[in-house]
Amino acid sequence: MDSKCVQFFQNKTILVTGVPGFLAKDVKRLYLLLRSTDNESAMERFRTEVLEKDLFRVLRNDLGDANLKIVLKKVVPIPGDISVVNLGLKDSDLLQHMWNEIEIIVNVAATTNFDERYDVGLSINTFGPLNVLNFAKKCVKGQLLLHVSTAYVCGEKPGILPEKTFKMGETLNSNGKLVIETEMELMKQKLKELQKQECSEEEIAQSMKDLGMSRATLHGWPNTYVFTKSMGEMLLGNHRENLPLVIIRPTMITSTFSEPFPGWIEGLRTIDSVIVAYGKGRLKCFLADSNSVLDLIPVDMVANAMVMAVAIHAGKSGSQDVYHVGSSCKNPITFGQLHDLAARYFTKSPLVGRDGSPIIVSKGTILSTMSQFSFYMTLRYKLPLQAWDGSDIRAILRYPDPDPYPADP
């Protein structure tokens with residue numbers, strides 16, 4: 001890391017919303033906001049989601065037990081919730097102390113489900129950033145708010161995408177004007193109607209998901225996730241006043257490239273779930289253009305971009321900057337290339353099934369058009385199903401085959 005960047009963070013007090021994969025030993029204090037109900041549960045999340053992870057093991061080995069204890073004294077896990085005013089903090093003394101001390105605010109917290117319930121997406125991805133901003137504006141030493149968004153707020157536009165901010169009310173398809181308060185009222189009204197009709201929790205959840213997707217597509221966004229993140233950016237830009245603001249827009253985040261070691265990843269979120277499904281033998285075909293470029297970016301490169309952005313822009317009153325963090329311009333990879341890499345990897349290092357035997361995967365079929373996909377599904381699944389009589393189906397339902405798929409690795 002650049003020496004000037006390291007020097008900048010010395011003796012700084014930072015608030016991070018969401019669980020980070022790193023801890024800074026040179027900072028004065030790191031407040032870590034964790035979605036939890038009390039101090040005990042916050043500390044438990046910190047222990048299980050940070051201290052016990054492989055990433056933290058590297059820090060432990062580098063620093064040794066004595067220095068590690070010094071680092072941990074600088075970390076303050078706090079129970080809270082960005083969807084609530086003042087981030088859900090109820091201790092007035094703690095609030096005042098944080099407002100007097102914090103200099104840098106980093107908002108990583110979000111819900112990343114593409115078809116998230118509209119009420120949940122609005123509360124966390126849209127109004128959550130506004131709550132973080134209002135908290136940051138009360139920090140008397142506040143130098144910068146860094147907000148992590150997503151490159152896909154830009155929708156499905158082709159070509160070079162400029163690093164520009166959203167204006168309030170802006171849409172991607174110029175289909176009327178987007179009014180965030182109206183979106184909130186529509187959601188509340190729909191929720192009230194569903195509750196009045198005594199709908200089940202499952203019915204309410206599905207209706208909220210459907211509402212989010214319909215509102216997103218109405219204004220030109222492909223899903224609820226990127227739509228609610230876009231509105232969160234609008235609120236930040238409109239209400240920031242003179243507080244310096246940096247918005248980081250990463251593309252599809254993948255495993256680490258080099259730091260603290262190559263290949264670390266936690267959970268299956270975007271393209272990772274597709275790769276693992278293929279390795280388990282569950283995914284027999286792919287609906288994609290082999291020549292289409294995927295934009296993948298290692299998580300450590302995103303973290304490095306965030307750290308550098310903070311060091312460069314902190315204290316620049318009134319500034320607002322956007323950074324896309326991706327790879328497709330300088331180091332593009334196509335879907336066909338990714339498919340070949342996955343096939344080669346699982347051929348050489350297959351996953352193991354529950355019976356202990358390796359799972360042999362075929363290369364699979366890439367279908368580039370919907371007509372090809374429909375023909376494939378008809379030939380492989382629809383016609384064989386139509387050929388079965390009722391007794392075959394009843395027998396399968398009564399005596400299903402054992403689960404052929406392995407447990408998650």
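The mean positions of the 46 positive and 46 negative charges of the chain lie 3 Å apart. In this count Lys and Arg are positive and Asp and Glu negative, while His and the chain ends are not counted; each charge is placed at NZ of Lys, CZ of Arg, CG of Asp or CD of Glu. The model is predicted: local features need pLDDT of at least 70, side-chain atom pairs count only at pLDDT 80 or more, and totals for chains, interfaces and linings use all residues. Residues are numbered from 1 along each chain as its sequence is written, and side-chain values use heavy atoms, with hydrogens and water left out.

**The whole chain**

Begin with the entire chain in a cartoon view. The chain holds 13 helices and 13 strands; these are DSSP runs (H or I of at least four residues for helices, E of at least two for strands), numbered from the N terminus. With a radius of gyration of 24 Å, close to the 22 Å that the globule rule gives for 409 residues, the chain is as compact as a globular protein of that length. The radius is taken over C-alpha atoms, and the rule is 2.2 Å times the number of residues to the power 0.38. Along the principal axes, the C-alpha atoms fill a box of roughly 75 × 55 × 45 Å.

Next, display the surface. Its accessible area is about 22,400 Å², and 54% of this belongs to carbon and sulfur atoms; the areas come from the Shrake-Rupley method with a 1.4 Å probe, and for residues only the protein chains shown count as cover. Of the 409 residues, 43% are buried (under 20% relative accessible area, with exposed meaning over 50% and partly exposed in between; 1.4 Å probe, protein chains only). Among the contacts with a separation of 6 or more, 77% join residues 24 or more positions apart, where contact means heavy atoms within 4.5 Å.

**Confidence**

Now colour the chain by pLDDT, the predictor's confidence in each residue from 0 to 100. The mean is 88, and 92% of the residues reach 70 or more. Select residues 21-25, where pLDDT is below 50; this stretch has ten contacts in the model beyond near neighbours in sequence. Then select residues 401-409, where pLDDT also stays under 50 and the model has 14 contacts beyond four places in sequence. Where pLDDT is low, the predicted coordinates should not be read in detail.

**Asn 86 and Leu 87**

Move to the loop between β3 (75-80) and α4 (92-101), and select Asn 86. Although Asn 86 is not a glycine, its phi is positive, at about 60°. Select Leu 87 in that loop between β3 and α4. Leu 87 likewise has a positive phi, near 60°, and is a residue other than glycine. Leu 87 is buried, with a relative accessible area of 0%.

**Thr 111 and Gly 121**

Select Thr 111, in the loop between β4 (104-107) and α5. Thr 111 counts as buried at 9% relative accessibility. Beyond four places in sequence, Thr 111 touches Glu 116, Val 120, Gly 121, Ile 124, Asn 125 and Tyr 225. Thr 111 and Tyr 225 are 114 residues apart in sequence, with their C-alpha atoms 7.5 Å apart.

From Thr 111, step to its contact Gly 121, which lies in helix α5 (residues 118-137). Gly 121 is buried, with a relative accessible area of 0%. Its contacts beyond four places in sequence are Thr 111, Glu 116, Thr 126 and Thr 228. A distance line drawn from the C-alpha of Gly 121 to that of Asp 300, 179 residues apart in sequence, spans 26 Å.

Select strand β7 (residues 252-254), where Thr 254 is found. Thr 254 is buried, at 15% relative accessible area. Apart from neighbours within four places, Thr 254 is in contact with Ile 265, Ile 271, Asp 272, Leu 296, Ile 297, Pro 298 and Val 299. The C-alpha atoms of Thr 254 and Leu 268, 14 residues apart along the chain, are separated by 9.5 Å.

Continue to Pro 260, in the loop between β7 and α9 (271-279). The peptide bond joining Glu 259 and Pro 260 is cis, with omega about -5°.

**Ser 327**

The last stop is Ser 327, in the loop between β11 (320-325) and β12 (333-334). Ser 327 is buried, with a relative accessible area of 14%. Leaving aside neighbours within four places in sequence, its contacts are Asp 295, Leu 296 and Pro 332. Leu 296 is also one of the contacts of Thr 254.
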